[in-house]
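Please look through the sequence and the model below before reading on. The report that follows moves from the overall fold to individual pairs of side chains.

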Amino acid sequence: MVFRTLSAGLIAASLAAFGAAAQDADARFSLELNNAANTDTGGCRLTYVATNRSGQDLSQTDYQVGVFDANGVVTRILVLGFGALTDGKTRIVLFDLADQSCTDISRIIVNDVAACSLADGQSADFCLSGLATSSRTDIQFGT
């Protein structure tokens with residue numbers, strides 16, 4: 001009987017700690033490379049899902065990324081603009097890379113933040129420090 005009460009208390013405490021950690025993990029900005037599809041013109045259309053869970057409204061969010069070919073050579077450095085994102089907002093954004101097939105892209109990295117402005121116009125630093133990246137494609141995506 002004492003063991004059950006103690007176990008139940010430990011489980012409840014563990015779940016409360018896990019819940020707090022999960023909330024902290026969600027308090028960030030996430031970018032997911034959701035899809036990569038070849039276009040009729042020989043390019044690659046990248047579909048990103050951007051989610052702002054930072055607790056702050058953003059007026060502008062842009063990332064500088066590097067694109068690597070199948071041999072690991074950087075073929076492009078470009079800026080992907082995600083625009084304004086209020087807290088809790090998820091946005092789907094498409095980017096077309098002309099003259100580069102999706103099968104010729106092995107990896108895309110976030111090189112730097114090109115813009116991360118709060119709704120009041122001030123700059124924020126969490127766009128990189130709080131960034132979580134993921135990919136649902138064969139293309140690696142990260143920092």
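## Elements of the chain

Helices (H or I, at least four residues) and strands (E, at least two) are DSSP runs, numbered from the N terminus. The protein chain has 2 helices and 8 strands, and from the N terminus on these elements follow the order α-β-β-β-β-β-β-α-β-β.

This is a predicted model, in which local features need pLDDT of at least 70 and side-chain atom pairs count only at pLDDT 80 or more, while totals for chains, interfaces and linings use all residues. Residues are numbered from 1 along each chain as its sequence is written, and side-chain values use heavy atoms, with hydrogens and water left out.

## Burial and contacts

Of the 143 residues in the protein chain, 35% count as buried, where buried means under 20% relative accessible area, exposed over 50%, and partly exposed in between (1.4 Å probe, protein chains only). Among contacts (heavy atoms within 4.5 Å) between residues at least 6 apart in sequence, 67% join residues at least 24 apart.

## Salt bridges

The structure holds 2 salt bridges, a salt bridge being a side-chain nitrogen of Lys or Arg within 4 Å of a carboxyl oxygen of Asp or Glu. In one of them, Arg136 pairs with Glu32, and the closest N and O atoms are 2.8 Å apart. Arg136 lies in the loop between β7 (131–135) and β8 (140–142), whereas Glu32 belongs to strand β1 (residues 29–38), 104 residues apart. Arg136 is exposed at 62% relative accessible area, but Glu32 is buried at 15%.

Asp96 and Arg45 also meet in a salt bridge, at 2.7 Å from N to O. This pair links strand β5 (residues 90–97), which holds Asp96, with strand β2 (residues 44–52), which holds Arg45. Asp96 is partly exposed at 47%, and Arg45 is partly exposed at 36%.
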